[in-house]
Amino acid sequence: MTRTAEFVNGLTCPAPAPPTERIQLGHGSGGKLSAALLKDRFLPHLTNPVLRQLGDAAVVPVFTGEIAISTDTFVVNPVEFPGGNIGSLAVHGTLNDVAMMGAVPRFLSAGFVLEEGLEFAVLDRVIGAMAAAALAAGVPLVTGDTKVVERGKADGLYINTTGIGTLDGPCRPAPHRAANGDAVLVSGPIGAHGMAVMAAREGLGFEAEIESDSATLYPLVARLAGRFGGDVHVLRDPTRGGVASALNEIAAASQCGIVLEEDALPIQGSVAAACEMLGLDPLYVAGEGVMLVILPARHAEAAVADMRSHPLGACAACIGRVVADHPGMVVMRTGIGGTRVVDMLPGDQLPRIC
Amino acid sequence: MCLGIPGRVVEVHDDRGLAMGIVDFGGVRREVCLAYIADRVRPGDYALVHVGFAISRIDEAEARRTFEALREMSQLDELDWLRETADQELREMDARAAT
Amino acid sequence: MKYLAEYRDGTMARGIAAQIRRTATRRWVLMEVCGGQTHTIVKQGLDELLGDSVEMIHGPGCPVCVTPLEQIDKALALAARPDVIFTSFGDMLRVPGSECDLLQIRARGGTVRIVYSPLDALALAARNPEREVVFFAVGFETTAPANAMAVWRARELGIRNFSVLVSHVTVPPAMVALLSDPANRVQGFLAAGHVCTVMGWKEYEPIAAGFKVPIVVTGFEPLDILEGIHLAVRQLEEGRHEVENQYARAVTREGTVPARTLVERVFQLVDRKWRGIGEIPASGLALREEFAEFDAERRFRLGAITVEEPVECRAGAVLRGQLKPHQCPAFGTRCTPEHPLGAPMVSSEGACAAYYNYGRFRTAQPAEAP
């Protein structure tokens with residue numbers, strides 16, 4: 001990590017923007033306005049030496065071995081929500097995807113599609129949050145791109161981030177590696193991000209003490225990788241589609257069944273309450289700062305203890321096991337003692353009245 | 001029909017003649033129309049809320065009674081149940097004998 | 001959450017289930033009317049706990065499922081209009097009409113918004129005076145007071161650009177229709193707790209007496225439903241057929257009178273077609289003439305349309321309790337939540353959808369002894 005430390009971002013306070021200043025189409029044209037945008041809105045936050053060279057591409061040292069590359073595009077609406085904004089989410093999300101392969105995140109790139117009319121103040125908060133998230137993770141944002149589209153075409157802004165990580169050790173989790181008898185663990189309470197965003201979305205009108213759990217999970221991954229190495233069979237952050245979708249994909253890839261215990265699922269009271277009100281099942285609601293861990297049952301207790309010793313994993317728990325029965329299907333023992341299938345949903349969950 | 005959720009009435013106000021309130025559902029708050037129970041609800045009471053409307057007040061005494069009965073009944077084991085059934089039959093026999 | 005979580009206690013649930021199994025000397029057939037109750041039963045696996053003592057038949061109490069195809073098509077036509085903001089509860093968005101659904105209309109450029117409450121739709125109308133706001137007023141008697149208030153307030157506040165597309169149905173006539181069917185097997189009912197919160201239970205007394213069936217007003221949490229089943233079984237064992245109230249914390253015999261009063265003021269009883277069952281006399285609500293200007297069908301001159309249901313769909317038999325979802329030949333193959341052939345697969349409350357989403361595992365495997 002020491003080499004990366006040389007590239008770590010600095011953070012400086014941007015000049016306060018007058019509230020009436022907004023993105024115009026000209027900011028995307030590559031001319032003076034574009035240069036000003038870069039200089040006034042991006043560079044004050046993102047100060048690593050590679051980015052500052054402003055080359056067409058970032059030139060970074062090569063690491064030997066294999067690399068993990070992940071890209072993701074973030075279109076969350078609203079762009080700001082309790083616990084974060086689209087910027088911090090874009091950093092955490094992609095770094096987590098890299099970490100879920102057992103890779104050490106090294107570099108980030110970011111592409112922006114800005115909507116004409118986006119307030120500079122909002123953009124500042126987003127870039128500031130990205131920079132802070134990248135700094136906290138020790139991963140520099142080394143290159144980027146900006147385009148501007150007409151009013152109405154971008155919900156404020158969209159961000160694509162690509163993350164590159166290196167696979168240094170024996171820890172090689174993959175979706176197909178779940179094995180009969182493995183334990184299924186979760187690092188923290190589920191569904192916080194999805195409900196925080198929904199609460200912030202205009203129209204459903206409820207206030208909740210729910211904050212997005214968006215966070216970089218690599219510190220937890222490092223702990224587990226260090227202790228259990230190749231025995232970490234699967235890592236997965238349950239984002240879109242929640243725990244249910246993630247486990248269904250893993251069950252299908254591994255051709256195993258999964259049995260969950262409803263009573264063991266950690267969930268915050270206010271997240272559970274918001275789900276009740278809207279008739280949503282928390283198993284399908286996104287989290288952005290929790291991960292599923294599947295490893296041999298004999299390591300389960302130690303792994304939970306390891307995660308709990310870190311603030312991000314304070315509510316880590318064992319929530320189920322991998323079985324040979326019903327391959328590809330996820331089943332849950334309910335609090336009452338009955339069983340139900342935990343299926344993939346055809347599309348998004350919709351709030352219901354029934 | 002469905003999805004009626006119990007919540008605690010935190011505050012009551014008037015919106016252009018319509019009784020409204022803020023109801024707290026386990027940490028989540030929402031504005032709810034209280035017009036249908038306005039005459040009998042006060043802050044601190046619990047209400048059953050469906051699509052943003054309070055459709056009844058939760059009778060807390062009744063809830064407690066029901067729950068206690070449920071708890072007792074669910075804890076009856078085989079012997080208790082037999083004893084209870086026997087007692088019930090004896091009472092019925094007495095009632096018939098008395099007529 | 002208080003008054004909710006404690007009714008999910010697993011130990012107590014198993015205890016009550018044991019009581020039910022001890023009380024029943026033979027297998028009884030019960031129906032839970034409301035889709036929300038079906039949802040709990042299948043999702044929590046309550047029927048597994050009952051063993052052989054009770055067979056639960058799932059009733060037609062899913063307003064989303066029983067909304068006629070014609071009403072869905074009218075909703076789609078309205079949502080496609082550029083001058084309309086179409087608002088609806090979330091449940092309705094994936095219900096397929098003859099050609100497509102509201103989500104697809106939205107993808108094609110129609111303005112479709114999910115609202116939590118009809119008053120939100122009214123507020124939307126107030127904020128967007130240059131557009132017409134239509135609200136899809138679907139539901140049983142539970143939702144009628146909310147929809148009635150939205151129309152009442154629209155008139156009171158002079159919000160002219162608001163109208164409702166009504167698809168309301170009422171429970172008692174459906175129960176009577178089911179009980180009058182010679183093929184009926186249902187011996188006792190769990191009445192819909194939230195419908196009765198509004199309406200009270202008086203109108204069920206003649207049904208219980210006339211058809212000699214116990215009717216227990218029941219809530220929606222696992223302990224409520226198990227207790228409702230227990231009371232119904234006890235009545236059947238003792239040869240009684242009365243209306244009992246399990247959901248006493250929310251339901252009284254009179255119901256919520258101010259709510260019923262406004263519903264009667266704004267709506268009138270009409271004959272209604274129930275998707276999968278057919279027309280049931282005096283089983284629906286329509287806006288009274290006085291409120292005709294708020295009726296979307298009149299405002300937009302929608303007229304009558306007739307549509308054909310897919311022939312393969314056995315919804316009628318499922319809704320009448322004569323067929324279990326997994327016994328339908330199309331279940332899980334040609335008929336899934338993604339490509340539903342009929343009403344009960346459409347909403348997450350519908351019996352077919354509930355079985356598909358939660359119960360597939362058990363219908364494929366032999367049940368384990370509780």
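Over which residues of chain C does pLDDT stay under 50? The stretch is residues 365-370 of chain C, for which the model has four contacts beyond four places in sequence; contact means heavy atoms within 4.5 Å.

## Model and confidence

This is a predicted model, in which local features need pLDDT of at least 70 and side-chain atom pairs count only at pLDDT 80 or more, while totals for chains, interfaces and linings use all residues. Residues are numbered from 1 along each chain as its sequence is written, chains are lettered from A and ligands numbered from 1 in the order in which they are written, and side-chain values use heavy atoms, with hydrogens and water left out.

The predictor assigns the complex an ipTM of 0.91 and a pTM of 0.84. For chain C the average pLDDT (the predictor's confidence in each residue, from 0 to 100) is 90, and 97% of the residues score at least 70. Helices (H or I, at least four residues) and strands (E, at least two) are DSSP runs, numbered from the N terminus. Among the elements of chain C, the highest mean pLDDT, 98, belongs to strand 8 (residues 215-218) of chain C, and the lowest, 75, to helix 16 (residues 351-364) of chain C.

## The parallel sheet of chain C

Chain C contains an open sheet of five strands in the order 2-1-7-8-9, with parallel pairing; two strands pair if DSSP finds at least two bridges between them. Strand 2 (54-61) and strand 9 (243-245) of chain C each have a single partner strand, so one side of each is left without a neighbour in the sheet. From one strand to the next the twist averages 25 degrees. Axes are lines fitted to C-alpha atoms, for helices over the stretch in contact, and angles run from 0 to 180 degrees between N-to-C directions.

Six bridges link strand 1 (residues 28-34) of chain C to strand 2 of chain C in the parallel sense. Within this pairing, Val29(C) stands opposite Glu55(C) of strand 2 of chain C. Helix 2 (residues 35-44) of chain C packs on the sheet and touches strand 1, strand 2, strand 7 (188-192) and strand 8 of chain C. The direction of helix 2 of chain C makes about 120 degrees with that of strand 1 of chain C.

## Antiparallel pairings in chain C

Strand 11 (residues 278-287) of chain C runs antiparallel to strand 6 (residues 162-169) of chain C, with two bridges joining them. In this pairing His168(C) is placed opposite Leu285(C) in strand 11 of chain C.

Strand 11 of chain C also pairs with strand 10 (residues 267-274) of chain C, in the antiparallel sense and over seven bridges. Arg272(C) has Ile280(C) in strand 11 of chain C as its bridge partner. Strands 10 and 11 of chain C form a hairpin with three residues between them, and Gly276(C) in the turn has a positive phi of about 90 degrees.

## The mixed sheet of chain A

In chain A, an open sheet of seven strands has the order 9-11-7-12-10-13-14 and mixed pairing. Strand 9 (234-236) and strand 14 (339-341) of chain A are the edge strands, each pairing on one side only. The twist from one strand to the next averages 25 degrees.

Strand 7 (residues 182-186) and strand 12 (residues 317-323) of chain A run antiparallel and are joined by four bridges. Val184(A) stands opposite Gly320(A) in strand 12 of chain A.

## Interface of chains B and C

Here 44 residues of chain B are in contact with 49 residues of chain C. The buried area is about 3900 Å², with 68% given by carbon and sulfur atoms; buried area is the accessible area (1.4 Å probe) that two parts lose on being put together, summed over both.

Two salt bridges cross between chain B and chain C, a salt bridge being a side-chain nitrogen of Lys or Arg within 4 Å of a carboxyl oxygen of Asp or Glu. Glu60(B) forms a salt bridge with Lys2(C), with the closest N and O atoms 3.8 Å apart. There are also 11 residue pairs in polar contact between chain B and chain C (both at pLDDT 80 or more). A polar contact is a pair of N or O atoms within 3.5 Å; within protein, one must be able to donate a hydrogen and the other to accept it, and residues adjacent in sequence count only if both atoms are side-chain atoms. Helix 1 of chain B gives the most to the side of chain B that touches chain C, with nine residues.

## Interface of chains A and B

The contact between these chains takes 17 residues from chain A and 12 residues from chain B. About 1200 Å² is buried between chain A and chain B, 67% of it from carbon and sulfur atoms. Strand 8 (206-208) and helix 9 (269-278) of chain A are the elements that give two or more residues to the side of chain A that touches chain B. Helix 9 of chain A supplies the largest share of that side, seven residues.
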